[in-house]
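Open the model in your viewer and keep the selection panel at hand. This tour goes stop by stop.

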Amino acid sequence: MSVTTTEIPVLALAGASKSFGAVHALREATLELRAGEVHALMGENGAGKSTLVKMLAGVYRPDEGTVKVDGAAVAFHGPLDARDAGVAIIYQEPTLFPDLSVAENVFMGRQPLASGRRIDRKAMHDQVNELFARLGVELDAERPVRGLSIADQQIVEIAKALSFEARVLIMDEPTAALSGAEVDRLFGVVRTLRERGAALMFISHRLEEVFAICDTVTVMRDGAVTFDGPLAGLTSDDLVRQMVGRDLDALFPKETASVGSQVLKVERLTREGVFTDISFEVRAGEIVALAGLVGAGRSEVARAIFGIDRWDGGSVELLGRPIHNGRPNAAMRAGIGFVPEDRRQQGLVMDLSIARNATMTRTRALAHLGIIRAASERALATEWGTRLQLKYHRLDDPVGRLSGGNQQKVVLAKWLATQPRLLIVDEPTRGIDVGTKAEVHRLISQLAGEGLAVLMISSELPEVLGMADRVLVMHEGRLTGHFTRAEADEERIVRAMSGQTQEVAT
Amino acid sequence: MPPELATATPGNAPDSPASTGASEGSGTSLLTRLRSWETLIAFLIVVACIVGSQLSGEFLTTDSITTTTFDMIEVALMALPLTLVIVAAEIDLSIASVLGLSSAVMGKLWNAGLPIEAIFPICLAVGIACGAFNGFLVTRLGLPSLAVTIGTMGLFRGLAFVVLGDQSVTSFPATWTDRAFGVIGGGDGWIPNVLILFAVLAVLFGVLLHYTPFGRTVFAVGANEEAARFSGVRVKRTRMLLFVMSGFVSSLAGIEMTLRQSTASADIGTGFELTVVAAVVLGGVSIFGGRGRLGGVVLALILLGAIQKALTLAPNVSSYWIQIVDGVLLVGSVLVPNLVTRLREYRAHAGTRTRALRPARAELTTIGPRHKEEEE
């Protein structure tokens, strides 16, 4: 399947599987990285890319299958083992010490020493400058990291990887936060490294970048590799089909709902440096999806509407009445429910019981003369547990013991129990197995059918296309697209997501 | 004194005796651990009583209950609101200084000729103001409560000396000092009046923590502040109220102590805050917040009282041993649950663990799953 089968891959996965509880994050994945090759890894969010990367980085160990270095099976006991084997990962957000100099960051913990165990600054700076010269970039080794752009910080990370004599460089969405010129420079560095015989892996959602720089590609879907081979001869459509690879209508049981009166009205909402001039409305019975790349400001808009963050300008109205700025409690009472992005940190209190979590928004209503009876708490939790087909052992178990999908049902239960008029769901199916995913979709669709207004943030295009009545697209804090269900297609949305068009209509 | 407050309150559904009021912290494993923690404290109380009665015939008498109560009452009172504060993952180290300030204000105003009935509300208001000041610094300015209350510990104590100097005021009316020092039923009785005050407050705080919407928010804030905020909980208001309660009860303890000892001075109760924190932690309340039961704290107070009494009655035992034992109990109460958890993890992993230490290079084998349970 690969370009040069004769050559032994520098780093490979063979039949690797990994499960987290009931969730199969990775199923028999096979991947080979060769010297002098740039390999693309593609897939929707939740397809298993990051699990695969963490396995190569030594963070996770496969339940089954092997990691191979130079053709020999190895067991990485931790990230240090992977580093010793010559594997380096460049993450989207560099993790450097801002107050130390560039050179100190590169040589953190193993600075070259002069006599008397003093740090030999000159040697250190010379070595770093030499690394930059090899990469063909100009950066001052002596300046502090604070103030460097993300792109420059990535270069520092790459230099650091080279100083460890990395043979394999894995870049996790390195271009997500870069400008066009910065991407070009990064690609220049990548080409230099390829010519020097490094094996590179490049993760990106941007098809044109993949075609610009990569030689081979692995596509993943639902934890399994669906395609693995040379990129030559493939079109973007081929890749998208491999990534999505299923009939949308069957997976997303969208009910046709009659759209009612206006529920949410957001007008010229602005939070400085985060999002600007956001205006839209959501009507009863309507599912409006908010699409965009990670970091486009979608979650931030949702947080502002619910009052977690304050906004600097504009207004939010629910059912014609203004919502207070920065007060979640007021938003809740006004009839907004918010299923946040990070279930473990924001959606649930993992240490508390299922019953406590499911009733957290309703404690006041449950209290009789100020006293909460455990029986009424359990009754409410049981009621919603049954309605959402929650699978649990005991209501007193900590909610952290449930599978991801069932945890999400508890978050939904918590908000549905408040009988909201508007439900905001942020990445409602992230990290959830396929079966429960469909259940959550059916539930959201059904709720909309009953007249609930739904604002859905999702990074999964099939979910957006399958569920939404209307699609709004954000790019760098601004609305760059607005499509009806009929107008919305993958290409248009992706284009708006990368900020290429200003198709704000209607 | 009710050893298990929670069971004495409504909410016991007949069909779920094992689970009512049990969902603090989390489910089964932790629950059993908490339960067994309280059982352990109860067991230690029994041991302390047996040892105490061997050491001295005076130990198991009604008289020792009376005297121990007087030794412990201020600590016990202040432990009640502090339990809630610690469950909410905060700390208040200024409590003993608020007690001192309350006493100093009381002495100053009494010297100034105010009627005692007018002084009480003023002292309580001072306590509330102190708590509100702590709360303001923590919630509005976002400062960590550890730093804030170490600062206000010095500040309030300093204020107490500014108010009263190093003099003491002793001429309080006998009707009130008798009430504070008295026992139920007069001369022959042995249950101190202040024990009733404690019992009433303990029930109130127990119900507040375990059976009210406010109590639910305290646990949620302590276990995960962010998730609480995302659930519409008013986190700042919850914290503010907790600090105010703490200040209020501390000033109440100041009034009580001043009357009981018939002496107001700026330095009373110095160092009490550490004993209070020790009692709360010994009672099984997690110092990291989110877990704990008021009943456990009440048991811990009884245990501390019993040990103190036993050591004071024992012949040839220096009173410094009390501090040593208190210290050992505090460290032990943090250490033991930790060790138990680690032991469990070790046992669970022992079967699959095939390597001794992490080797420097990757080894050429395939080994079973690594125990890093995490979701994508």
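**Stop 1: two helices in chain B**

Select helix H6 (residues 174-181) and helix H10 (residues 235-261) of chain B. They pack at an angle of about 105°, with axes 7 Å apart. H6(B) is therefore roughly perpendicular to H10(B). Keep in mind that this is a predicted model.

Now show side chains at the contact. From H6(B), pick B:Trp176, B:Thr177, B:Ala180 and B:Phe181. From H10(B), pick B:Glu256, B:Leu259 and B:Arg260. Colour this contact by residue type: four are nonpolar, one is polar and two are charged.

**Stop 2: the sheet in chain A**

Move to chain A. Here six strands form an open sheet in the order S16-S17-S18-S13-S19-S20, with mixed pairing. Which strands stand at the edges? Select S16 (336-339) and S20 (478-484) of chain A: each has a single partner strand, so one side of each lacks a neighbour in the sheet. Direction ignored, neighbouring strands are turned by 15° against each other on average.

**Stop 3: one strand pair**

Zoom in on strand S19 (residues 470-475) of chain A. S19(A) pairs with S20(A) in the antiparallel sense, over six bridges.

**Stop 4**

Select helix H10 (residues 298-306) of chain A. H10(A) packs on the sheet and touches S13 (287-292), S16, S17 (422-426), S18 (453-457) and S19 of chain A. The direction of H10(A) makes about 145° with that of S16(A).

Finish with helix H19 (residues 490-497) of chain A. H19(A) lies across S13, S19 and S20 of chain A, and runs at about 30° to S19(A).

Technical notes: Residues numbered from 1 in each chain as written. Chains lettered and ligands numbered in written order. Predicted model: local features only at pLDDT ≥ 70, side-chain atom pairs only at ≥ 80, totals over all residues. Heavy atoms only, no water. Axes fitted to C-alpha atoms, helices over the stretch in contact; angles between N-to-C directions. Helix = DSSP H or I, 4+ residues; strand = E, 2+ residues; numbered from the N terminus. Parallel < 35°, antiparallel > 145°, perpendicular 65-115°, else oblique. Contact = heavy atoms within 4.5 Å. Nonpolar A, V, L, I, M, F, W, Y, C, P; charged D, E, K, R; others polar. Pairing = 2+ DSSP bridges.
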